[in-house]
Amino acid sequence: MGAATPYAWKLVALLSLGGCFEIYNLALTATLSPGLIRSGIFHEDSRGLWGLTDQAGFAAATFAGLFVGSAVLGAFADRFGRRTIFIFSMLCYSVTTLGMALQHSAVGIDAWRFFTGICLGLELVTIDSYIAELVPASVRGKAFAINQCIQLLAIPVATFLSWLLLPRDLLGVAGWRWVAIVGAVGALVAYYIRRQVPESPLWLLQKGRLEEAQAVLKKIEPNSDGLVAHRPQDEGSGQEVSASTSFSSLFRSPYVGPTPVLIVLNIFQASGFYGLMNWLPTLLISRGFTILHSLRYTFIISIVYPLSPLLFVPIADKIERKWHIVLAASFAAVLGLLFSRPAGSLMLVTLGILLTISNNWLSFAYHAYQAETYPTSLRSRGVGFVYSFSRLSTVVSSFLIAFLLRRFGPSGVFGFIACSMAIVVVTIGLFGPHTRAMATQE
């Protein structure tokens, strides 16, 4: 395929719309806790599960589920198709989110949150594979930036609703329950998307369903008549042969080097990205702000989430993907250190905005980066496996951040975030593969 057609961009937008509900649910990891504390379900101190804070337990349950969904179930999209798994995961987390909204204990909330996390983890892996296969490599960076922009619209929505509803009850129902219920309406959107979005043509080709692939390709790229005729031979030669669908393929040539590098990337970028996203309201409260002021400042910072990826659209495909990651992580490390210093509310909000921009730059770059590293037959399994380490990392870092915040305050937390980002810079800068060549291994 050459340049992406309007129809291809429409598909990217629809997939991103489905992803909004996933990001909305992830945003609740940070915003819901103050409301749960207000309702008496969560505690402000360490009286939670295993003597830890309830906020840490809630975040850990979320990302433990995300780990299972990404690592264990990520390969389902390679087996059953991108479209099938995408729709299934949306329906699944709509049901589990509704189940969480009906709970009355911290244990019940964490249990349902774990199952929600499984479905969320499965969906995001599928979206990455889907988008990588719908647009040509020449505009893939732009596609992932736009994907991030649309998906991240959910963050200001989640923080605004939390700011508005968490401090009060509506119709006798606690505000946090209304905020959670909004995340369950994804089931309605899933039905519409199912009717509009076709299966990935590259996945259909890889499965030998040539007529279906041709029909989809004609919509995505009208001049693709010769593409299917040549792909069957390509699918059985070169890189595609070496990329069998077994798990061990991730650690055989040519992926024996990139896979460990991507694991390290995911472990440490997650500590930085979710360290801010999941803990910002709590960190602001620890600085002396009230719950209401904390949620207000979090909402102001959250407005930047959907806007920041657009800043990088002009250069998204002009710079090698690994250097995007290195630059973004470098800025995040410096800003994390600055954020750790005592400052007034205006300075904190400004630094929070700049740190958010850096994190989102890093996010869209590495999502495209790891999707380009693996071919069609291995893409969801590979992306799911390496991405699952970010989920596992966030489980561990949730408890570590809770400890650092209690022992060293916000300075210790942001020092940890800065060190994590520095490791990303060194790992990707020195050992990260160049994916422009790999991007042709569709």
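In the predicted model, Leu-26, Leu-28, Thr-29, Ala-30, Leu-32 and Ser-33 of helix H1 are in contact with Gln-55, Phe-58, Ala-59, Thr-62, Phe-63 and Leu-66 of helix H2. The residues of this contact comprise eight nonpolar and four polar ones, with no charged residue. Helix H1 spans residues 6-38 and helix H2 residues 54-72; their axes come within 10 Å and cross at roughly 170 degrees. Because angles over 145 degrees count as roughly antiparallel, H1 is described as roughly antiparallel to H2.

Two features of the backbone were also noted. Most residues other than glycine have a negative phi, and most peptide bonds are trans. Leu-171, which is not a glycine, has a positive phi of about 60 degrees. Leu-171 is located in the loop that connects strand S1 (169-170) with strand S2 (173-174), and this residue is exposed, its relative accessible area being 76%. The peptide bond from Ser-253 to Pro-254 is cis, with omega near 10 degrees. Pro-254 belongs to the loop between helix H13 (239-242) and helix H14 (258-286).

Over the whole chain, 21 helices and two strands are assigned. The chain has 442 residues, of which 61% count as buried. Of the contacts between residues at least 6 apart in sequence, 82% join residues at least 24 apart.

Methods
Residues numbered from 1 in each chain as written. Predicted model: local features only at pLDDT ≥ 70, side-chain atom pairs only at ≥ 80, totals over all residues. Heavy atoms only, no water. Axes fitted to C-alpha atoms, helices over the stretch in contact; angles between N-to-C directions. Helix = DSSP H or I, 4+ residues; strand = E, 2+ residues; numbered from the N terminus. Parallel < 35°, antiparallel > 145°, perpendicular 65-115°, else oblique. Contact = heavy atoms within 4.5 Å. Nonpolar A, V, L, I, M, F, W, Y, C, P; charged D, E, K, R; others polar. Buried < 20%, exposed > 50% of the residue type's maximum accessible area, 1.4 Å probe, protein only.
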